[in-house]
Amino acid sequence: MISKNTDVFTFYIKNRQIADNETEIIEEKGLGSCRIKNNKIYLIYKTEYDEEMQTTTVITDMDSVHIKRSGSVKSDIRYVLGKKTFSKYYMPYGVIDMEVKTERILNELSEDGGRLRIVYTLEMQGVSYLNDIEIFVKKL
């Protein structure tokens with residue numbers, strides 16, 4: 001729930017994913033909050049996924065991003081520039097192991113919104129996906 005003392009922001013998320021020379025674009029829209037605490041930017045927003053509300057929390061500084069999703073599909077992924085990280089993707093029918101190699105983080109966020117871009121390679125079940133995700137944040 002968004003606190004009455006917090007400004008409301010709109011979120012537009014666009015993920016371009018390439019695997020086996022095929023490109024898929026996934027787009028989401030939502031509402032949430034944006035604030036700075038301890039030199040990190042916190043984004044919390046809700047989107048709809050398979051007719052269910054998902055909550056996403058993004059915590060970022062200049063060279064790392066932590067994205068945690070909750071709902072029927074859960075994930076907790078850390079993107080660290082130039083490094084591999086490991087996590088799990090929790091789905092109603094099982095858990096999938098993931099390996100993430102972050103190639104680029106562009107953080108243009110402030111307390112007024114902005115843009116966050118993450119370019120990374122995701123290895124999942126023997127398939128490699130190149131992802132280019134952008135999160136656009138704008139104060140209402």
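Where in the chain is Asn39 found? Asn39 is found in the loop between E2 and E3, two strands of a closed barrel of 10 strands that runs E1-E2-E3-E4-E5-E6-E7-E8-E9-E10 with antiparallel pairing. Neighbouring strands of this sheet are turned by 25 degrees against each other on average, direction ignored. The model is predicted, with a mean pLDDT of 92 for the chain and 96% of its residues at 70 or more. Over residues 1-5, however, the pLDDT is below 50, and beyond near neighbours in sequence this stretch has four contacts in the model. Where pLDDT is low, the predicted coordinates should not be read in detail.

**Strand pairing in the barrel**

- Strands of a sheet pair through backbone hydrogen bonds, either parallel or antiparallel.
- Strand E1, residues 9-19, is joined by 10 bridges to strand E10, residues 127-139, and the two run antiparallel; within this pairing Phe9 stands opposite Lys139 in E10.
- Strand E10 is also joined to strand E9, residues 113-124, by 12 bridges, again in the antiparallel sense, and here Arg115 stands opposite Phe136 in E10.
- The hairpin of E9 and E10 has two residues between the strands, and Gln125 in this hairpin takes a positive phi near 50 degrees.
- Strand E6, residues 74-80, pairs with E7 in the antiparallel sense over two bridges, and Ser75 stands opposite Tyr89 in E7.

- The largest nonpolar core has 28 residues, of which Leu43 and Ile135 touch the most other members.
- At least two residues of this core are supplied by each of E1, strand E3 (40-49), strand E5 (64-70), E6, E8, E9 and E10.
- Leaving aside residues up to four places away in sequence, Ile135 touches Phe11, Tyr12, Ile13, Leu43, Tyr45, Val58, Gly114, Arg115 and Leu116.
- Gly30 lies in strand E2 and counts as buried, because its relative accessibility is 13% and the cut-off for burial is under 20%.
- With residues up to four places away in sequence not counted, Gly30 touches Phe9, Thr10, Phe11, Lys46 and Thr47.
- Gly30 and Tyr45 are 15 residues apart in sequence, while their C-alpha atoms are 6.2 Å apart in space.

**Salt bridges**

- Side chains of opposite charge can pair when their charged atoms come close.
- A search of the whole structure finds nine salt bridges, among them one in which the side chains of Glu99 and Lys84 meet at 3.4 Å, N to O.
- Glu99 lies in strand E8 (residues 94-110) and Lys84 in strand E7 (residues 84-91), so this pair ties together parts that are 15 residues apart in sequence; Glu99 itself is partly exposed, with a relative accessible area of 23%.
- Another salt bridge brings together the side chains of Lys88 and Asp97 at 2.5 Å, N to O, and Lys88 is partly exposed, with a relative accessible area of 36%.
- The side chains of Asp112 and Lys139 meet in a salt bridge at 3.3 Å, N to O, a pair that links distant parts of the chain, with Asp112 in the loop between E8 and E9 and Lys139 in strand E10, 27 residues apart.
- Asp112 counts as partly exposed at 46% relative accessibility, and Lys139 is partly exposed with a relative accessible area of 32%.
- Asp7, Asp112 and Lys139 are linked in a network of salt bridges.

**Positive phi angles in loops**

- Most residues other than glycine have a negative phi, and most peptide bonds are trans.
- Asn39 has a positive phi of about 65 degrees although it is not a glycine, and at 75% relative accessibility Asn39 counts as exposed.
- Asp20, which lies in the loop between E1 and strand E2 (22-37), likewise has a positive phi, near 50 degrees, in a residue other than glycine.
- Asp20 is classed as exposed because its relative accessible area is 68% and the cut-off for this class is over 50%.

Key: Residues are numbered from 1 along each chain as its sequence is written. This is a predicted model: local features need pLDDT of at least 70, side-chain atom pairs count only at pLDDT 80 or more; totals for chains, interfaces and linings use all residues. Side-chain values use heavy atoms; hydrogens and water are left out. Two strands pair if DSSP finds at least two bridges between them. Helices (H or I, at least four residues) and strands (E, at least two) are DSSP runs, numbered from the N terminus. A salt bridge is a side-chain nitrogen of Lys or Arg within 4 Å of a carboxyl oxygen of Asp or Glu. Buried means under 20% relative accessible area, exposed over 50%, partly exposed in between (1.4 Å probe, protein chains only). Axes are lines fitted to C-alpha atoms, for helices over the stretch in contact, and angles run from 0 to 180 degrees between N-to-C directions. pLDDT is the predictor's confidence in each residue, from 0 to 100. Contact means heavy atoms within 4.5 Å. A nonpolar core is a set of buried Ala, Val, Leu, Ile, Met, Phe, Trp, Tyr and Cys residues joined through side-chain atoms within 4.5 Å.
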